[in-house]
Amino acid sequence: MVVHHGRASDQMNVDQIREDIPLSREVIYLDNASTSLSPQPVIDAMVEYETHYRANVGRGVHRLSQIAGQLYWDAHETVNRFIGGECGTPVFVRNCTEAINMVARGLTFRPGDEIITTVTDHHSNLLPWYALREKGVTVNVISPARNPMAGITADDISSAITKNTRLVAISHASNVLGSVEPVKDIAEIAHDHDALCLVDGAQSVPHFKTDVRDIGCDYLCFSGHKMLGPTGTGVLWMAEDSLEPLLLGGGMIDDVTTDGYLVASGYSKYEAGTPNIAGAFGLRAAVKYLNAIGMGAIEAHEDVLTRKLLSGLSGIEGVTIIGPPEGEKRIGVVSFIVEGLHPHEVAHILDDQYSIIVRSGHHCCMPLMQYLNLPDGTVRASLYLYNTEEEIQTLVEGVREIVEGV
């Protein structure tokens with residue numbers, strides 16, 4: 001991750017972005033690691049489809065179907081270019097969870113095969129692998145050896161991988177710690193051992209330039225709803241479209257007879273049934289919106305905000321930050337606990353008294369919370385391109401007042 005310095009306002013026009021997102025002006029929205037807000041162009045793209053050319057894709061020769069089909073194809077191309085994925089296949093799914101399950105169900109695992117994942121990962125990158133234990137697959141959930149709060153290192157993977165390892169599945173960035181993992185090195189280690197590498201990019205793709213050619217992974221999964229796009233949208237990118245399809249039916253075949261069927265090639269093979277067409281157009285608009293701003297500018301903006309938040313919270317006695325120490329690579333996800341208060345209490349007060357929206361609890365990472373001895377979880381503030389330094393200051397002051405009131 002490239003680290004930028006300077007004032008956030010010098011990097012991009014945040015005021016204009018906030019004009020496109022009315023809700024960003026009604027509350028201080030800091031729950032972006034869960035779901036981001038959507039700008040008006042994203043909403044307009046979906047409304048335009050529903051209003052002017054609502055039709056199925058790949059099903060007809062009439063004008064509406066042709067327009068919808070062409071734009072649906074272009075949505076795939078737009079997303080693929082965004083991640084440098086022209087060398088592979090982008091499949092539209094409902095979310096990152098579905099994408100990971102497609103890999104878990106689409107690969108052929110045999111008894112004795114091993115999968116490596118980590119205690120820092122989201123449930124979505126744990127449970128699909130856990131289910132394979134019923135087939136005799138070993139699931140090795142490793143922990144950070146260097147620092148429990150600093151994330152996984154390449155050495156952690158290197159120490160754990162064996163000749164039986166079939167797949168290494170790891171998050172690019174932690175949705176709790178905010179740590180950025182060395183996925184390029186991890187992919188290389190996996191390939192050196194004839195294993196595959198899956199990267200959960202749910203917390204990376206929306207926030208900094210993510211290029212599958214540079215990473216060298218076999219699969220990249222991410223969700224549209226965390227990157228300005230609609231809910232119910234996501235992507236599974238595959239270096240090779242060799243997975244067995246999860247669903248069979250209309251739209252994913254080239255031919256069907258009474259004796260059998262022949263599957264289509266490319267993304268169609270994995271998109272049986274009528275897809276979320278409006279959502280795909282919304283995701284296309286979201287990617288165009290991010291491209292227009294520039295991922296480098298977004299990363300720089302969030303870096304300034306993150307440094308300000310870390311600095312402010314670290315100066316409050318009774319507040320403990322959960323995450324990498326200063327100087328480590330991280331995204332704008334800052335988890336913390338307040339001594340004497342349950343995380344839900346803190347989140348409720350911030351909402352009720354300051355109109356600040358944060359997440360509290362386990363963040364779908366219960367094994368990590370157990371590992372860190374945080375039975376109640378944490379408070380999590382997660383930042384995005386429409387947040388401001390003034391909002392960060394309001395959060396810091398609000399937390400300080402809450403602590404003083406305990």
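Predicted model: local features only at pLDDT ≥ 70, side-chain atom pairs only at ≥ 80, totals over all residues.

Colleague: Which residues in α3 are buried?

Modeller: In α3, the buried residues are S65, A68, L71, Y72, D74, A75, H76, T78, V79, N80 and F82. Because an α-helix has 3.6 residues a turn, residues three or four places apart point the same way. The buried residues of α3 pack against two further groups of elements: the helices α2 (40–52), α9 (277–293) and α10 (295–314), and the strands β2 (89–93), β7 (219–223) and β8 (234–238).

The length of the helix can also be checked. Helix α3 covers residues 63–82, and its 20 residues should span 28 Å at 1.5 Å a residue; the C-alpha atoms at its ends are 28 Å apart, so expectation and model agree. Just after α3, G84 adopts a positive phi of about 65°.

The largest nonpolar core has 88 residues, and W129 and L236 touch the most other members of it. Helix α9 supplies the largest share of this core, with 10 residues; α9 is also one of the elements against which the buried residues of α3 pack. Setting aside neighbours within four places in sequence, W129 is in contact with I100, V103, A104, F109, I115, T117, V139, L167, A169 and L198.

I356 belongs to strand β13 (residues 356–357), and its relative accessibility is 0%, so it counts as buried. Leaving out residues up to four places away in sequence, I356 touches I28, L30, L350, D351, T394 and L395. The C-alpha atoms of I356 and V27 are 6.2 Å apart in space, although the two residues are 329 residues apart in sequence.

Charged pairs form another set of links. Side chains of opposite charge can pair when their charged atoms come close. The whole structure contains 9 salt bridges, among them one between D31 and R380, at 3.5 Å from N to O. D31 is in the loop between β1 (28–29) and α2, while R380 is in strand β15 (residues 378–382), so this pair ties together parts that are 349 residues apart in sequence. Both D31 and R380 are buried.

R54 and E50 meet through their side chains at 2.6 Å, N to O; R54 is exposed, with a relative accessible area of 55%, and E50 is partly exposed, at 38%. R94 and E98 form a salt bridge at 3.5 Å, N to O. Here R94 is exposed, with a relative accessible area of 53%, whereas E98 counts as buried at 16% relative accessibility.

Finally, the surface carries a nonpolar patch formed by L248, I253, V256 and Y261, which together have about 390 Å² of accessible area. L248 lies in the loop between β8 and β9 (253–256), and is exposed, with a relative accessible area of 54%. Strand β8, at one end of that loop, is also among the elements that the buried residues of α3 pack against.

Methods:
Residues numbered from 1 in each chain as written. Heavy atoms only, no water. Helix = DSSP H or I, 4+ residues; strand = E, 2+ residues; numbered from the N terminus. Expected span 1.5 Å × (residues − 1). Buried < 20%, exposed > 50% of the residue type's maximum accessible area, 1.4 Å probe, protein only. Contact = heavy atoms within 4.5 Å. Core = buried A, V, L, I, M, F, W, Y, C linked by side-chain atoms within 4.5 Å. Patch = residues over 30% accessible without salt bridge, like charges linked within 9 Å, V, L, I, M, F, W, Y side chains within 5 Å. Areas by Shrake-Rupley, 256 points an atom, 1.4 Å probe, with all protein chains shown as cover. Salt bridge = Lys/Arg side-chain N within 4 Å of Asp/Glu carboxyl O.
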